[in-house]
Amino acid sequence: LQRALEVAPSNGAVFVKLVEAQVKGCVFAGWDDNFKRLEQFILQQAAAGKPVVLGPIQSTMYPLPPNVGLAICRQAGDLAHATFLNSHLPPLSHPTNLSPPLGS
């Protein structure tokens, strides 16, 4: 992974795999620098409208600040909303009468 990152230093997906290996292997060398860089990758991608390198659930295993988690969740929500709008499904119908049925 380190060699792949040297070849493509701006590849966020490779960097995420490196940080993931660091977290799972409890390797603490460069911990703070790597998480700052991960934050930068995520915020830059979100600002550019590109898919971020981490999903909302995957991001919970990293010590990321709230604004980074919010950027990840906001982008995932926007993607889910756009996917629904493009699915051409009819809107869900909601009951209009919430009173209990007669005889209950």
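**Figure 1. Four helices and zero strands make up the protein chain.** Helices (H or I, at least four residues) and strands (E, at least two) are DSSP runs, numbered from the N terminus. From that end on, the elements run α-α-α-α. The model is predicted, so local features need pLDDT of at least 70, side-chain atom pairs count only at pLDDT 80 or more, and totals for chains, interfaces and linings use all residues. Residues are numbered from 1 along each chain as its sequence is written, and side-chain values use heavy atoms, with hydrogens and water left out.

**Figure 2. The whole chain is more spread out than a compact globule.** Its radius of gyration is 20 Å, well over the 13 Å that the globule rule gives for 104 residues. The radius is taken over C-alpha atoms, and the rule is 2.2 Å times the number of residues to the power 0.38. Along its principal axes, the C-alpha trace spans about 70 × 30 × 20 Å. The accessible surface comes to about 7,500 Å². Carbon and sulfur atoms hold 63% of that surface. Accessible areas come from the Shrake-Rupley method with a 1.4 Å probe; for residues, only the protein chains shown count as cover. Buried residues make up 26% of the 104 residues. Buried means under 20% relative accessible area, exposed means over 50%, and partly exposed lies in between (1.4 Å probe, protein chains only). Contacts tell another part of the story. A contact is a pair of heavy atoms within 4.5 Å. Among contacts between residues at least 6 apart in sequence, 47% join residues at least 24 apart.

**Figure 3. The largest nonpolar core has 16 residues.** Such a core is a set of buried Ala, Val, Leu, Ile, Met, Phe, Trp, Tyr and Cys residues joined through side-chain atoms within 4.5 Å. Which members touch the most other members? They are Leu 38, Ile 42, Leu 54, Tyr 62 and Leu 64. Helices α2 (12-24), α3 (31-47) and α4 (66-87) each supply at least two residues of this core. The largest share, five residues, comes from α2. In soluble globular proteins, nonpolar side chains tend to be buried together.

**Figure 4. A close-up of Leu 64 shows its contacts beyond its neighbours in sequence.** Residues within four places in sequence are left aside. Leu 64 is then in contact with Phe 35, Leu 38, Glu 39 and Ile 42, among others. Leu 54, Ser 59 and Ile 72 are also in contact with Leu 64.

**Figure 5. Asn 11 sits in the loop between α1 (2-7) and α2.** Is this residue buried or partly exposed? Asn 11 is partly exposed, because its relative accessible area is 30%. Asn 11 and Leu 38 are 27 residues apart along the chain. Their C-alpha atoms are separated by 11 Å.

Figure 6. A salt bridge is a side-chain nitrogen of Lys or Arg within 4 Å of a carboxyl oxygen of Asp or Glu. By this rule, the count comes to two salt bridges. In one, the side chains of Glu 20 and Lys 17 meet at 3.6 Å, N to O. These two residues are three apart in helix α2, so about one helical turn separates them. In the other, the closest N and O atoms of Lys 24 and Glu 20 are 2.9 Å apart. Lys 24 and Glu 20 also both lie in α2, four residues apart, about one turn of the helix.

Figure 7. Which residues does Glu 20 contact once neighbours within four places in sequence are left aside? They are Gln 58, Met 61 and Tyr 62.

**Figure 8. Cys 26 has a positive phi, near 55°.** Cys 26 is a residue other than glycine. Most residues other than glycine have a negative phi. The place of Cys 26 is in the loop between α2 and α3. At 52% relative accessibility, Cys 26 counts as exposed.

**Figure 9. Phe 84, Leu 85 and Leu 89 form a nonpolar patch on the surface.** Patches are made of residues with over 30% relative accessible area and no salt bridge: like charges are joined within 9 Å, nonpolar side chains (Val, Leu, Ile, Met, Phe, Trp, Tyr) within 5 Å. Together, the three residues have about 300 Å² of accessible area. Leu 89 lies in the segment after α4. Leu 89 is exposed, with a relative accessible area of 55%.
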